[in-house]
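This report concerns the model shown below. Its folds, its packing and the contact of its chains are taken up in turn.

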Amino acid sequence: MGRTPAAPLLETRDLRTYFRRGGWLRPTRWLRAVDGVSLSLGRQETLGLVGESGSGKTTLGRTILRLVDPTGGQIHLGGQEITDLSQAALRPLRRRMQIVFQNPYSSLNPRRRVGAIVGQPLVVHRVPGDHARMVGDLLERVGLPPDAARRYPHEFSGGQRQRIAIARALALRPDLVVADEITSGLDVTVKLRVLALLRELQAEFRVAYLFISHDLAVVRQVADRVAVMYLGQIVEEAPTDTLFERPLHPYTRVLQASVPPPDPTASWRPPVLSGDPPSPLSIPPGCRFHPRCPIAEARCRAEVPALRALGPGHRVACHLAS
Amino acid sequence: MTTAPALELRTLTVRYGARLATWEVDLALDPGEVLGLVGESGAGKSTVGRAVVRLLPEPGRIEAGAIRLHGRDLLGLSETEMRRLRGADLALIPQDPLSALNPAFRIGFQATDALRIHRGLTRDAAVAEMVRLLGDLGVPEAADVLQRYPHELSGGMRQRVLIAMAFSCDPTLVIADEPTTALDVTTQAQILRLLEELQAERRVATLFVTHDLGVVAHLAHRVAVMYAGCLVESAPTGELFRAAAHPYTQGLLAQVLRADVRAAASAGIEGVMPQLAAAPTACPFRGGCSRRMAICDETMPALREVAPGHAVACHLHQGT
């Protein structure tokens, strides 16, 4: 559904976000949530970002939007570096990048009417014109009833609230929307409708999505490209069909094989992964995945694998992939 | 006569204030059978599980029907008698392992409650038994796990603890309420494997409440589908996936998202699931059904058997 022109809309280079833990009476430790991520996203493109809890995908999304300060590396939006811009200098740029959060129950102010919630970005950014009409058009466009603007968030279902959040994110006609697990917790029927809506809006609003999700099946349906994160780094990145049909990183394979297929006649032998995901507070040496990897060798315990190109648009960080 | 079913529900009707959460649900589980109970949120599937253990949140009330555990009527039992059953014959594996454990106590203290109360073990004996159980579930250094507080464990480890607790007193019926929904996929795969092994070894009747048809496909012997508080179809798992008869079940199966297939844009099931306030006077799915007939607006279809063990509540299948 998207295309990738020469100059990417978004580019990160070796982006890092660390959080300080401990301190006072305890040794200071650094939680390396995002640890050297280089990715790019074209205009009107959808990049799926998948990984398990603790992989750093949410922190990466927030760092890109400068909602969290990066520790190092660079973020470029439309060719302009925004890594170190002050919040004041960022303000005009915020029109171009918006977010839809995971939980539509906590991301909408329960005491404000939906019209005011969706119109808020127009007020903040002093957009000229008839706000009420613009809000009405947006609400209609995302498929909410005409009287929605006068009602309160609690009067709407989870799926409808996510539509409200989408309308708010699109109010300023941004170039980039970070969608952070926006379909988790929704029933399949509702999920399908939200995904279809996102697809329609992408063409209409010419918006790019960074689509963060732990749900591989959902990502398969919406993304043009997919990046897989593990412990703060991208371990594999490829066009969607390539990633799902020819995954090269053992972690990507494990992730895919872990999902039971909805077919009782298909055999399903979930892969055995030793232990739980390690903590980003104590990152293993060498390849970060080696303690759980089914095919790790001596080299994997010592050497950090680089992200190598192994096909068109296909990058893999594994010594053994070929 | 064969032996009594492990669990039998007869016309179970549960009300939350003005809303009917389930209406006349009939279900039976044979000993050793795993029944997958599926449906969207609000369909009433968790309510059924909660009603069986008689732990409905307020203002939930069982308005009508019967629940029998090996032929024994549970609704006639006093709260004291019920307590004797819960955690012993009748165990619950909850959805969210963090809120199911008390954050203020070490795992060892709370996980051994059932063993001490129901099996009369001393604290030391109960701890030793729990270490053995956790070891069987593939938990290394189980003794160390018992020393920890819930927040110090990963989600997968907490769920293993709850599974060990549920199985600690050899239950004859386990209610598993979305036990893997809150977990990551790799952890979910491990827990499902574990439940599969436990099932193969112990053959405990299990009511597995879930919205995930992939989980059901591999764990359940039979599947029951709920919509708007009503049971609309139940069949052996293979048959349900191969030959679903209810238009709602067909819709559910058609809209499953798969990572291995990029589906053509599916529209999904139409309509909004209604909430019942009183006994349904028409098919609850008529609003979303593409095969709606005049009779669908007039009466609620009864559950009819269309093949051995395969029952459907739909006017398309009412026979002659």
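The model is predicted, with local features requiring pLDDT of at least 70, side-chain atom pairs counting only at pLDDT 80 or more, and totals for chains, interfaces and linings using all residues. Residues are numbered from 1 along each chain as its sequence is written, while chains are lettered from A and ligands numbered from 1 in the order in which they are written.

**Chain B**

Chain B contains 11 helices and 12 strands; helices (H or I, at least four residues) and strands (E, at least two) are DSSP runs numbered from the N terminus. Its C-alpha atoms occupy a box of roughly 65 × 50 × 40 Å along the principal axes. The radius of gyration of chain B is 20 Å, in agreement with the value near 20 Å that a compact globule of 320 residues would have; this radius is taken over C-alpha atoms, and the globule rule is 2.2 Å times the number of residues to the power 0.38. Of the 320 residues, 47% are buried. A residue is buried if 20 or more other C-beta atoms lie within 10 Å of its own, exposed if 12 or fewer, and partly exposed in between, with C-beta atoms placed from the backbone.

An open sheet of eight strands in chain B has the order 6-7-8-3-9-10-12-11 and mixed pairing. Its edge strands, strand 6 (90-93) and strand 11 (304-307) of chain B, each pair on one side only. Pairing requires at least two DSSP bridges between two strands. Strand 10 (residues 230-236) and strand 12 (residues 310-312) of chain B are antiparallel and share two bridges; B:Glu233 has B:Val312 in strand 12 of chain B as its bridge partner.

**Chain A**

In chain A, eight strands likewise form an open sheet, in the order 6-7-8-3-9-10-12-11, with mixed pairing. Strand 6 (97-100) and strand 11 (308-309) of chain A stand at the edges with a single partner strand each, so one side of each has no neighbour in the sheet. Strand 11 of chain A runs antiparallel to strand 12 (residues 315-316) of chain A, to which two bridges join it. In strand 12 of chain A, A:Arg315 is the bridge partner of A:Ala309.

| Helix of chain A | Buried residues |
|---|---|
| Helix 1 | A:Lys57, A:Thr58, A:Thr59, A:Leu60, A:Gly61, A:Thr63 and A:Ile64 |
| Helix 9 (residues 250-258) | A:Pro250, A:Tyr251, A:Thr252, A:Val254, A:Leu255 and A:Ser258 |

Helix 1 (residues 57-64) of chain A is largely enclosed by the rest of the structure, because seven of its eight residues are buried. A:Arg66, which follows helix 1 of chain A, has a positive phi near 60 degrees. The buried residues of helix 9 of chain A pack against elements of chain A, including helix 7 (216-222) and strand 9 (225-230), and against helix 8 (185-202) of chain B. Contact means that the C-beta atoms of two residues, placed from the backbone, lie within 7 Å.

**Contact of the chains**

The contact takes 34 residues from chain B and 31 residues from chain A. Helix 8 of chain B gives the most to the side of chain B that touches chain A, with seven residues. By class, that side has 14 nonpolar, 14 polar and six charged residues. Ala, Val, Leu, Ile, Met, Phe, Trp, Tyr, Cys and Pro count as nonpolar, Asp, Glu, Lys and Arg as charged, and the others, Gly among them, as polar.
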